[in-house]
Amino acid sequence: MTANLADPAVTPEELRRPSDGPPERKKARWRGPLTPKMFIVAGVAAAIGYLALVPLGYLVWGTFFDAEGLDLGSFQRAYGDGRMGELWGNSLAFAGGAALLSITVGTTLAYLNVRTAVPFKALFFAASIVPLIIPGILYTVSWIFLASPQIGLLNAFFEPILGDAPFNIFSIWGMIWVEGLHSSPIVFLLMVAAFRSMDPSLEESALMSGASRMQALRKVTLPLVRPALLSSVLVILITSLESFEVPALLGLQNGIYVFTSRIYFVLRSYPQDLGAAGALAVSLLAVAVIGVAVSRLLAGKGSKTYQTVTGKGFRPRPLDLGKWKPVVGVGILFYFFVTVLGPLLVLIYAALLPYYQAPSWDAFSAFTFDNFIQVFEMNSAARALRNSLILGIGSATIVMALMAIAAWISVRSTLPGRGIVEQLSFVPLVIPGIVLGLSISFVYLRFPLPVYGTLLILLIAYCTKYMPYGMRYATTSMTQISSELEESAMVSGASWWTTFRRVLLPLLSPGITAGFIYILVVSFRELSSSILLYSPGNEVLSILIWEQFENGSFNVLAAIGVLMVLALMVMVTIAYKLGAKVGLRED
């Protein structure tokens, strides 16, 4: 190190250059553009561009053009149906209703958790985020067990009081209820951060000036968290518009279509009309792009107006609930039962019954493990578990490896076009899952690569879909690492690859591990893209659950669901244990 620093050819200014320095040694080692470093960087950039742009390009081309040129017949077939008004109405009502419910529930929970001395705080926090961990398809199925007009436990319980089948989960209201509850943890996490960052002295000033608590909440608190609130509304609107599990399981049975379920219906009808499905997908894609653009506009506009975290320190003090504390405590227990315990218990209950029936002594005495035994004897179950593991581990590994290098390009390098690499990696964020599945099928039905109908096409879809999340984890970690460490290694004679592998990767490992676990979990339960791309023999666990639902095998479905949740818990535990063994450790 001393010898290198003493070298008059290496100036202090050159040592402070980001990552591409020190130039003298680098030029000596990598002369010319065709270096191993440039091959790796160019290969990663090309892979990201291919995954992000090629499916969209094929989707647009296949929708607007045929062998003879421009053809808008697909739009006529897709939108010429007289029920398009109903489709738009259902889609907007479903997305708007789910957003309203999840914003109300998530914001209220976040306010109570952060700003008040609420009882059962640990249970409260767990109850607020657990619905996000339960796969959407299982959460929807558990509500079918609870509120189906035919087999719902709640209907059986309330029928003597409220009359015949008071709840119908197979309706637009049922769809809004399930989607809203399942999305409320997203709002909760966004609003918790906003409430924690807000200086409570502003509320205290309003109270000291004579305002009631409700006036302080309405005129001070809510305006200050307005940016987070607007972001939450747009995020939930977009995620509800692209949701597939809830509309497909609850809406199709009664002919209630939204865009995603309509695309699925068009593709599953005979003859299959890829062009009409593409025309519907283009509209859904346009709505998602507009929503993200509006979200970014609102996030950047007037951000200084809402700044409450300044150089003056503050310590948030929770409000005393007074006489309302027991009422809030009972409300928390009720919420925990409705959103977490009830759905999980009914899934276990159904898995232990030979056929679904209301709770009674006869039902409890009929408990059996036959459904679990049947699942273990199913060849398709073992195959689906193996495929889900391969795809989950494979996609998480590939995405985090690519994004670690992409983050270096974006954050560290001075290469021209490095910003484009980051932008491309976020393109799949605005593509709904079912549109992505359709886009990829457009590509590999026409591309001379034999991947259609294989596990590889699902791996490509998963890597594309979860690329933005991997990029977010990797860039966040990369920005926390000082470039001095990298420069010191290179000044000491290490090559770029050695520096990346021996210095940056260990420092990045906490963020990479967190990203790996997240992608592993979400890919393990993915349904919306898989439903269009799988073929017999390449099923994953979510597809197996879907098939059992279509066959009416609800008890076997529940057994698969219970095993799936257990598998997710084991995988996350193992991943955390392994993650703790990598990266920096104390002596």
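Helices here are DSSP runs of at least four residues, numbered from the N terminus. In this predicted model, Ala 366 sits in the loop that joins helix H18 (361–365) to helix H19 (370–377). A search of the whole structure finds two salt bridges.

**Ala 366 and its surroundings**
- Ala 366 is partly exposed, at a relative accessible area of 24%.
- Leaving aside residues up to four places away in sequence, Ala 366 touches Leu 352 and Pro 354.
- The C-alpha atom of Ala 366 is 9.4 Å from that of Tyr 355, eleven residues apart along the chain.

**Helix H19**
- Asn 371, Phe 372 and Val 375 are the buried residues of H19.
- These residues lie on the same side of H19, because they cover an arc of only 100° around the axis.
- Phe 376 and Glu 377 are exposed on the other side of H19.
- An α-helix has 3.6 residues a turn, so residues three or four places apart point the same way.

**Salt bridge Glu 539–Arg 383**
- Glu 539 and Arg 383 form a salt bridge, with 3.3 Å between the closest N and O atoms.
- Glu 539 is in the loop between helix H26 (530–533) and helix H27 (541–551), and Arg 383 is in helix H20 (residues 379–412), so the pair ties together parts 156 residues apart in sequence.
- Glu 539 is buried because its relative accessible area of 7% is under 20%.
- Arg 383 is partly exposed, at 27% relative accessibility.

**Salt bridge Glu 526–Lys 465**
- The side chains of Glu 526 and Lys 465 meet in a salt bridge at 2.8 Å, N to O.
- Glu 526 is in the loop between helix H25 (496–524) and H26, while Lys 465 is in helix H23 (residues 455–479), 61 residues apart.
- Glu 526 and Lys 465 are both buried.

Terms used:
Residues numbered from 1 in each chain as written. Predicted model: local features only at pLDDT ≥ 70, side-chain atom pairs only at ≥ 80, totals over all residues. Heavy atoms only, no water. Helix = DSSP H or I, 4+ residues; strand = E, 2+ residues; numbered from the N terminus. Buried < 20%, exposed > 50% of the residue type's maximum accessible area, 1.4 Å probe, protein only. Contact = heavy atoms within 4.5 Å. Arc of directions from axis to C-beta. Salt bridge = Lys/Arg side-chain N within 4 Å of Asp/Glu carboxyl O.
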